[in-house]
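Hello,

Here is the structure for your files. My notes follow below it.

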Amino acid sequence: MLKVNDSYQELLDRDASAALRLTQSNRNLDTARASISDMVMTRTKEARARAEAGLNDARENFVRFMDLAIAAVPEQSELPKLKADGFSLLTETCGAAIAVGRGANSETEIAMVQQLYLTLCQPAFAAISPRFTSVTEKSLRTRSKSVLTFQPLSVTRPC
């Protein structure tokens with residue numbers, strides 16, 4: 001019975017926590033994507049500043065939640081790579097669009113930065129998001145199977 005209890009507790013403490021943190025990380029990537037979109041479409045400095053503040057918050061939260069996911073399941077070798085790829089997306093892949101977007105004022109500049117975003121950033125976001133789902137599902141599916149192996153032992157019957 002203790003083994004069953006320990007397995008369920010480990011599922012809750014580690015795997016479910018990691019799944020939640022991965023979901024939060026992915027959500028922050030989506031928020032970053034929306035902020036970058038706002039930066040490259042807006043025409044005012046104030047709106048651009050709000051979008052950049054949102055991007056900075058999303059980047060910080062992405063890193064924080066990925067660190068928590070990695071700490072929860074350190075044996076998951078895919079997580080550090082996923083974190084590195086997500087961070088690289090926010091800092092390098094979309095770096096040109098963000099940099100140009102900060103100062104784009106004319107319609108020509110705004111059109112150019114939008115094209116940068118659509119060519120470089122948007123496809124990279126579309127490619128990384130399913131990886132979060134895949135890692136989460138694979139981890140929970142594997143762990144759940146090992147816990148469910150003990151499930152009949154956890155059922156008590158009145159005598």
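A residue is called buried under 20% relative accessible area, exposed over 50% and partly exposed in between, with a 1.4 Å probe and protein chains only. On that basis, buried residues account for 34% of the 159 residues in the protein.

This is a predicted model, in which local features need pLDDT of at least 70, side-chain atom pairs count only at pLDDT 80 or more, and totals for chains, interfaces and linings use all residues. Residues are numbered from 1 along each chain as its sequence is written, and side-chain values use heavy atoms, with hydrogens and water left out.

The protein has six helices and zero strands (DSSP runs numbered from the N terminus: H or I of at least four residues for helices, E of at least two for strands). Of the contacts (heavy atoms within 4.5 Å) between residues at least 6 apart in sequence, 77% join residues at least 24 apart.

Helix α2 (residues 45-72) and helix α3 (residues 78-93) have axes that come within 10 Å and cross at roughly 175° (lines fitted to C-alpha atoms over the stretch in contact, with angles from 0 to 180 degrees between N-to-C directions). That makes the two helices, α2 and α3, roughly antiparallel (over 145 degrees; under 35 is roughly parallel, 65 to 115 roughly perpendicular, the rest oblique).

Residues of α2 in this contact include Arg59, Phe62 and Met66; on the α3 side they include Leu82, Phe87 and Leu90. Arg59, Phe62 and Met66 are also among the buried residues of α2.

Regards
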